[in-house]
Amino acid sequence: MQGTSCLVVLVGNSSTGKTRALWEAVKQLPAGWRVWRPADRTALLDGLRCQRSLARSVLWLNELQRYLLPHGQPDPDGQAAAALISLLAEPRRGPALVVGTLWHEHHTNLTRQPTEASQPDPHQQARALLSGCILTAAEDFTTHDLQAVRDLAEHDPRLAEALTNGGTRITQYLAGARELVRRYEQAPPEARAPLDAAADARRLGHSEALPEAFLRAAAVSYLNPDHWRIQTLQWRQSWFERAEAYTDQPCRGIPGPLTREVPAPGQPETGEPVYRLADYLQAHTARTRRGECPQAGFWDAATDHLQNPSDLMPLANAAKARQRLHIADRFYRTAADLGHTDALYDVALLRQEVGDRDGAERYALQAAGHGSLRAVWEVADLRETAEDWEGAERLYTRAADHGDTWALCCLARLRQKAGDIESAEHYAHQAAGRGDTRALHELVELAADLNGAERYALQAAHYGGTHVLRELARSHERSDPKTAERLYRLAADHADADALQDLARLRQEAGDHKGAELLYQQAAERGATQAMRELAWRRQRDKDPESAERLYRRAADLGDTHALAFLALRRQRAGDGDGAEQLALQAASRGDRDAVWFVVQQREIDGDPDGAERFAHQAAGNGDSTPIWYLVQRREFEGDRGGAERVYRQLAGQGDVNALLGLARLREITGDHEGAERYAHQATDRGHAEALRYLFQLRQAAGDPDGAERIAHTAADRGDSVPVLSLARLREEAGDRDGAERLYRQAADGGDAGALFALGRLREAAGDQDGADHLYCQAAAQGDSWDVHLLGLQREGKGDRDGAGRLYRRLVDQGDPWPLRCLARMQEEDGDNASAERLYRQAADHGDVPSQAVRSRWPFGLDADGRQTKRWW
């Protein structure tokens, strides 16, 4: 840690050693670091608000999805991700190390971008947070890794056994994964029942700790009634204890499939007993039971025995996704009764979806009464979409009664559309009187002519919203400059200094330099720092450095960091290096790092490379590495390879892996291929994902195909298949199909799903449709499902419905539920409604069917057994 906070997230599936690897890394930190593990998202947000400084702290966020995907749903407004971004961006709060783990499926969910601009983007903040901080825990050991294990296995019988029986999945085998699965699959009926109940609860979103009362009650519905009847009374009275004796037994030194949580030695047991399902077994059953929707007894047990809204909410969401709408409604209402305000929002939207408009309004207003107006906005917006203007207006009015100014803006818009201008203005003025001029702004945009727009803009200015006048002026700059200038003057008359600056800009563009000068002076007198900087630049141009200095200083005193940067540059040019450094660091501490870059650049221009380098290193120590990288790249560009190498070595010694890549590039340029590879390997070993890729590209550009291929194979052995894929595509384009297939196969053997898809393309081009589809399904199973789904849709679009259906069915057979909806739609289009119904229900049981596709088919959802329900409210 070089004084800068950072985030590291290890992504991988269960039992791949993510948590242990992170903990071993944390143990390498110097003495004095503390670890903070927030219990949940709420504790994280509260802690980040209260603890302004987390210097020398490790923020431990194991299972990061619990914080960024609370209850399996997007984090509202991305608050948790935004709070972490803020922590990482504020040097004064660190240095802090934020570490976390994610399963691949959660990482995919959090980083997925909307496919269309109109789609919501609930994970925008999470995607920004996770960018550039991901390390992947490999599922399989590479050839290089396995050789290292073989060397160690000569003295470790556990590793020898894992090599013999675990294949390339050494970590999973050592974690007892296979034994856990065997114990689960061979469990007697009384033990299999609580295992399946626990697996379904975890799969549907329940937290790790499963209360005994719930587990016992839910498991009953998984027992076979015929098996139950033939047992003795003693067996029936002790079946759960017999099950516990089986599931609690350890597997190869790790806890059993389902274990009861026990207190630490010497500590009393508190509260209701809880059980935990083994992580690997959870991952296993999430796949094998994906299409199973629990029976009524499971949902009833959850209603009767779960008292934590954080457990009820994900179960409610899971029930809704499976079209068990009356069950979801019950869970949402129970969670709301237990104090979860967001549940009122969810039940309001659910009631709106099934047509209970009165219920939707009632629950939305209940949520508003608890301080959450989100449900009112959503339901009112849906009313507007349905052109139920009266219903929408009634909801907005109730929200306005709770002090919501946005609701007043919406009321103004509705009244304006209805032609009731007087009421529209009334609501707009109410909102503006409470500090919200958005309604008046919207009336400006909806006004029929300039006079009306100007009148509303002036009203907004009366309430302090002079920006409305400025925006109206800006919209007329090209078409009617005189009107624009008049509107800017009106804004200036309402004490808007920015309007004076805009006027000055217009005067300057018109060639009226004296008029512009006068307006800049007026703006500066009103505290506009941009105007002060403009005037300072003019004074400097006119050879009046004292006046320029005063203006820059005045702007800096008002918080303008750009002015500090210009002052620093002036000090440097005047020979006052110490003063320049002081001002530049002052600007950097306020978030403006350009000042440091200016000073470093000026020293370099002035022929003081040592001074430039020293200050750049000082900035890097404060978390800003831009100046030092500017210097090293300038050294390279000017041919000073010795100077560049010296800086690269200094950076590498401070832990900067990018510097190793720079050293590799220098070695490559000078023809030292062996040295280049050595540095590239060092960078790769330290986590630089693209070091070998870069070296591969250099070899290709230098016309060394043999060297490029050797680097590509080396990268593949280290788990990076990108160079091999690049070579494969070149072979394919050159017509060398055998060579391309050999390389694609190498990448596929390394776990690259895209390579499997490419192999499928080659097979399909050669006429082997069955072999191609087999490879496509393999690619989907390894994570490239999007391309395979798109291929199915493309076949449909080209009229190959048989080929699309064949591919869809193969995907379904291997556990992918998405094609079920496509198959159902195709059956529906062919008029086979019975088959379509069956497929839609399968998709619903998987929780993978769009509500709009089945709402007309099942207006009120399905019951626990999958039968269509009647109206239930």
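**Notes on the predicted model**

1. Trp786, Leu790 and Leu793 make up a nonpolar surface patch with about 300 Å² of accessible area together (patch residues have over 30% relative accessible area and no salt bridge, and nonpolar side chains are joined within 5 Å; areas are Shrake-Rupley values with a 1.4 Å probe; a salt bridge is a Lys or Arg side-chain nitrogen within 4 Å of an Asp or Glu carboxyl oxygen). Tryptophan 786 belongs to helix H47 (residues 785-797) and is exposed, at a relative accessible area of 55% (exposed means over 50%, buried under 20%, partly exposed in between).

2. This is a predicted model, in which local features need pLDDT of at least 70 and side-chain atom pairs count only at 80 or more, while totals for chains, interfaces and linings use all residues. Residues are numbered from 1 along each chain, and side-chain values use heavy atoms, leaving out hydrogens and water.

3. The mean pLDDT of the protein chain (the predictor's confidence, from 0 to 100) is 86, with 97% of residues at 70 or more.

4. Arginine 351, in helix H19 (residues 341-354), is buried, with a relative accessible area of 6%. Its contacts (heavy atoms within 4.5 Å), not counting residues up to four places away in sequence, include Asp329, Asp356, Trp872 and Trp873.

5. In strand S4 (residues 96-102), seven of its seven residues are buried. Strand S1 (residues 6-11) runs parallel to S4 through six bridges, and valine 8 has valine 99 as its bridge partner there.

Technical notes:
Patch = residues over 30% accessible without salt bridge, like charges linked within 9 Å, V, L, I, M, F, W, Y side chains within 5 Å. Helix = DSSP H or I, 4+ residues; strand = E, 2+ residues; numbered from the N terminus. Buried < 20%, exposed > 50% of the residue type's maximum accessible area, 1.4 Å probe, protein only. Pairing = 2+ DSSP bridges.
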